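Here is a short tour to read alongside the model. Keep the 3D view open and follow the headings in turn.

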Amino acid sequence: MSVRTGELPSSQTEGLPAAEARFWTGDYYNQGNDQASGMMDKLKEECGVFGVFGHKDAAELSYYGLHALQHRGEESCGICTSDLGGDFHYHRGMGLVKEVFDRDRLDSLVGANAIGHVRYSTAGASRLANAQPLVFKYRGGDLAVCTNGNLVNEPIIRRELEESGSIFQTTSDTEVIAHMIARSPKDLVEAVKDAFARLIGGFAFLIMTKDVLIAACDPNGLRPMVMGRLGDAYIFASESCSFEVIGAEYVRDVLPGEIIVLDRSGIREERYAVLQRRSVCAMEYIYFARPDSDIGTINLHSARKRMGQQLALESFVDADIVTGVPDSSISAAIGYAEQTGIPYELGLIKNKYTGRTFIQPSQELREKGVKMKLSAVRKVVQGKRVVMIDDSIVRGTTSLRIVNLLREAGALEVHVRITSPPFANPCYYGIDTPDRRDLIASSKTVEEIRKAINADSLYFLSKPGLLEAVGGAEGEYDRGLCLGCFTNDYPTPVEFEDAKATSCSCD
Ligand code: SF4
């Protein structure tokens, strides 16, 4: 079998820079798709948190819960346990949940309460010190904290704390919160409320002392967290898919600006801030969360199917097959196929076992374009006009690679349909995005992007189409969604000196 690694036909390269007019011949589909190489094109998941209050198997439940949240962060993970009045036991490590924890390790994490964390990877901050939960000693005893999200005004608060004597060991926002709590003269819950009231950003926190567990979300509800029950125990998680694996029952979402306190006396549901404009991250619906998760009453698979249906209504194109870029766009591709009657096919396959590898392809194999992460199914796409559904275009590099994979496998036409409006602005709430100037939609028209990704046609789902597909509450501003990266209309102030975009609190 010959593998084509040369130039694309001139009909497909009109307007493309020379480097992009070639088939991609890297070691694997996502090679260089990271910040360090300046090639990041897919958005990075944020982080995932998981908590248990009042179950004898708290560590083991956390293990399975974090495993179900693994897609939110693959770089490091950790679990900290506590029994009422007992000691903290914790372990953190670099790698996947199944790599970091074994039976002996879990057995050592005794206690009925636990908080755990999975963290995504960013270049430069890849070290154990940033793995969570972070554990501190303060005048009230031990304190464990983990979070998902980003504090926009963290640099200001950090500077104030440093100027008044605080010494930080990590670059994490989480440590800033711990210092704010530790320096307050008030009791734990009031100290936490005061600290949260100063924060601006998108965040979901779990905080644990020896006998208290606290869960809280930002006043806009940007970062999701759900509460469940397992027998008499309470469970908290970034996504409801983690309840399914441990047999917990979903109770409700943690509300924007809410703080839930669990201790010996039971559960207290309070507010530390009034409800602001509710603004759940739209990318959770489009891309981040697992399709078997629900946010509120909305199931993610169903929402993505409706996005595909909406795309079909807005941008029908005559084609032979519809395929989705795995995994996040398969639901939408099914929706597009159902709406148009064009058959859904598995035109692209993702190899799920491409974690860390120490074996690099030889030069000879590299030249043959060995693709480890994503493959086009030649017998499915060959000679076909393909509609390819994807969730977003960030820099354009990955989209170009995937379109070229399909062409290389013999697709006659590739029509790209995106289940979100153009991603033209950075995120300030914990999604790792490149600088604005590197977002292809910030400077190029749709037609220019079409050329840059080598597609025959390109369409982005409209904002009204997205809102209709997600189906949030009518009457709320943007139906309760944050659309900042599409519209440049953010639900909080973001213009601070040193305001942090593009990173997660976990950093
Ligand atoms: S700016 Fe975009 S990625 Fe960030 S929270 Fe809002 S919708 Fe999500």
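## A parallel sheet

Let's begin with a strand pair: Val 416 stands opposite Leu 458 of strand 22. Strands are DSSP runs of E with at least two residues, helices are runs of H or I with at least four, and both are numbered from the N terminus. This is a predicted model, in which local features need pLDDT of at least 70, side-chain atom pairs count only at pLDDT 80 or more, and totals for chains, interfaces and linings use all residues. Residue numbers start from 1 along each chain as its sequence is written.

Strand 21 (residues 413-418) runs parallel to strand 22 over 4 bridges; pairing requires at least two DSSP bridges between strands. Both belong to an open sheet of 4 strands, ordered 17-20-21-22 with parallel pairing. Strand 17 (321-324) and strand 22 (457-460) have a single partner strand each, so one side of each lacks a neighbour in the sheet.

## Two crossing helices

Helix 9 (residues 300-314) and helix 16 (residues 463-470) have axes that come within 8 Å and cross at roughly 145°. Axes are lines fitted to C-alpha atoms, for helices over the stretch in contact, with angles from 0 to 180 degrees between N-to-C directions.

## Around the ligand

Which residues surround the ligand? They are Gly 202, Leu 222, Cys 281, Ala 282, Met 283, Cys 427, Tyr 429, Ile 431, Cys 482, Leu 483, Gly 484 and Cys 485, each with its C-beta atom, placed from the backbone, within 6 Å of the molecule. Helix 8 (282-288) and helix 17 (484-487) each supply at least two residues of this shell.
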